[in-house]
Amino acid sequence: MAHAAHIDEGHGPSQPVAHAEGQQHPIKLYLVVWGWLFVLSACSYLVDYFALQGLLRWSLILIFMMLKAGLIVAVFMHMKWERLALVYAITVPPVALLVFVAIMVAESDYTLLTRMLFLGGK
């Protein structure tokens, strides 16, 4: 039975055995990201504090939410250092879902307009 950690079997130069420790990132990176998350959360709070209303309010809240989620996924879930195929597998479905929701919102507006015009608002 061959030992799993033995790589060189006389077929070429020996290669180092990978350790199961994983990547080590500097603590400064995590502190900077934590700081940005704090700033984005404060900005989100300020949207409510200044009593912004309407489309501006919801746009800012969604932008801050997406930025915070992106930072968390990229750094704390280590997606920044993953293979591109894995990144696509995780990020493409939510983006597609957002596109489909936007299409449904546009379709609902069209349906409401059609009902108002042809059915008299029923």
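Is Arg57 buried or exposed? Arg57 is buried, at a relative accessible area of 18% (buried means under 20%, exposed over 50%, partly exposed in between, with a 1.4 Å probe and protein chains only). The close-ups below come from a predicted model, where local features need pLDDT of at least 70, side-chain atom pairs count only at pLDDT 80 or more, and totals for chains, interfaces and linings use all residues. Residues are numbered from 1 along each chain as its sequence is written, and side-chain values use heavy atoms, leaving out hydrogens and water.

**View 1. Confidence along the chain.** The average pLDDT (the predictor's confidence in each residue, from 0 to 100) is 84 for the chain, and 80% of the residues score at least 70. Helices here are DSSP runs of H or I with at least four residues, strands are runs of E with at least two, and numbering starts from the N terminus.

**View 2. Arg57 and its salt bridge to Asp48.** The closest N and O atoms of this pair are 3.0 Å apart. A salt bridge puts a side-chain nitrogen of Lys or Arg within 4 Å of a carboxyl oxygen of Asp or Glu, and a search of the whole structure finds one. Asp48 is partly exposed, at 41% relative accessibility.

View 3. Found in the segment before helix 1, His25 is buried, with a relative accessible area of 18%. Beyond neighbours within four places in sequence, His25 is in contact (heavy atoms within 4.5 Å) with Tyr30, His78 and Trp81.
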